[in-house]
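Here's a quick briefing for anyone opening this structure for the first time. Have the sequence and the 3D view side by side as you read.

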Amino acid sequence: MAASRIISHPHRPFSPPPSQPHAHSSITLNFTLHPPKRCRLACVLRASLKENDLNDKADLFALPRPLTSTQLSDSVSDGPRLQVAYQGVPGAYSESAAQKAYPNCEAVPCPQFENAFQKVERWLVDRAVLPIENSLGGSIHRNYDLLLRHRLHIVGEVKYAVHHCLMANHGVKLEDLKRVLSHPQALAQCEHTLTKWGLVREAVDDTAGAAQYIAMHGVKDAGAVASSAAAKIYGLNILAQDIQDDCDNVTRFLMLAREPIIPGTDRPFKTSIVFSLEEGPGILFKALAVFALRQINLSKIESRPLRNMPLRMADDNSNGSPKYFDYLFYVDFEASMADPRAQNALRHLNEFATFLRVLGSYPMDTGTV
């Protein structure tokens, strides 16, 4: 008989002590240990998550109660300014997305995506707003991996229209440029335009950082692809505007918090999960069918290699010959965890998934971009 072990809860990261019962409970679908053949996967995932364990278990019980959907943005201006971490330097698109997600917030720059996760975990900031996918460049894989490694919860999403500008120091003309610096995603989104101009592309950590570098070093043969806000902040001249290959260039950002949100049914909700499966004919079809059978729409599916155990043996007697790649599947579906259909779908999926974790159930961004 299969044994089960819950390592986190879709509505709260840890169970409160007996003296502090929680009023909000829900389906506990996060981690299942199956027969011995599958235990290797469980051990690898536990080892990966253990790297981020908190040292003081007493701190686990000090976490605030879950948020309600109305606390996400409606009350932001009524209390102290929220501190919201983003990756990049002032002028980055992520800074603008953070300000759109949390009006009147104090945006806190971080050099790397992981630093933003860590600042929230360590109570240095209240939230993080980080990109997860772009309509032209696709998924930001690094943040998918970090969602699993860290204990944060997705509490919302915000879509931000990206308008790229080519900028350079004053006195530099387009024909003077030989190369252009920007984030790999931005360069990919402007690929055809930059190729037409014959510019060599050089990738850096973020768009605004490229503008900052060009300005600080007085570079004359290179420009940067960044926002108009970055050009203003760093005193650069905009040579061309809206240079992205498609005018519909939208980045979707996730809003992350220590506390999960209590899902509701008062507005459209989305739920994000991650799971793994045993190898077998039709197993992925079977996993996705649990949603189709209940008329639940899937808006996103992404596969990522299982770190520390990327290859699986065909069976225990395969003489060490790897046969299968092991993957984690990230899925977004359009339903709230307060919806019985979603609960039943995950119960069904949990019957054959080797690993299942709810990353968040949160209001969809249905506003105009």
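This is a predicted model: local features need pLDDT of at least 70, side-chain atom pairs count only at pLDDT 80 or more; totals for chains, interfaces and linings use all residues.

**A first look**

- Seven bridges link S17 with strand S20 (residues 327-333), and the two run antiparallel.
- Zooming out, four strands make up an open sheet, in the order S17-S20-S16-S21, with antiparallel pairing.
- At the edges you'll find strand S17 (298-305) and strand S21 (353-363), each of which pairs on one side only.
- On average, neighbouring strands of this sheet are turned by 15° against each other, ignoring direction.

**Helices on the sheet**

- Helix H4 (residues 141-149) packs on the sheet and touches strand S16 (269-277), S17, S20 and S21. The direction of H4 makes about 85° with that of S17.
- Helix H9 (residues 283-292) packs on the sheet too, touching S16, S17 and S20, and its direction makes about 155° with that of S16.
- Which residues of H9 are buried? They are Ala287, Ala289, Val290 and Phe291.
- Those buried residues of H9 pack against S16, S17, S20 and helix H10 (340-350).

**Nonpolar cores**

- The largest nonpolar core holds 41 residues, and Tyr102, Val129, Leu147 and Leu256 have the most contacts inside it.
- Strand S14 (residues 250-257) gives the most to this core, with five residues.
- Apart from that one lies another core, of 20 residues, including Ile273, Ala335, Ala342 and Leu349.
- As background, nonpolar side chains tend to be buried together in soluble globular proteins.

**A buried charge**

- Glutamate 121 belongs to helix H3 (residues 113-121).
- Glutamate 121 is buried, yet it has no salt bridge. The nearest side chain of opposite charge is arginine 151, 5.5 Å away, whereas a salt bridge has to be within 4 Å.
- Leaving aside residues up to four places away in sequence, glutamate 121 touches His150, Arg151, Leu152 and Arg258.

**Two positive phi values**

- Asparagine 104 has a phi near 70°, a positive value in a residue other than glycine. Look for asparagine 104 in the loop between helix H2 (93-101) and strand S5 (106-110).
- Is asparagine 104 buried, partly exposed or exposed? It counts as partly exposed because its relative accessibility is 47%.
- Aspartate 242 isn't a glycine either, but has a positive phi of about 50°. Aspartate 242 lies in the loop between strand S13 (237-241) and S14.
- With a relative accessible area of 43%, aspartate 242 is partly exposed.

How values were computed:
Residues are numbered from 1 along each chain as its sequence is written. Side-chain values use heavy atoms; hydrogens and water are left out. A nonpolar core is a set of buried Ala, Val, Leu, Ile, Met, Phe, Trp, Tyr and Cys residues joined through side-chain atoms within 4.5 Å. Buried means under 20% relative accessible area, exposed over 50%, partly exposed in between (1.4 Å probe, protein chains only). Two strands pair if DSSP finds at least two bridges between them. Axes are lines fitted to C-alpha atoms, for helices over the stretch in contact, and angles run from 0 to 180 degrees between N-to-C directions. Contact means heavy atoms within 4.5 Å. Lys and Arg count as positive and Asp and Glu as negative; His and the chain ends are not counted.
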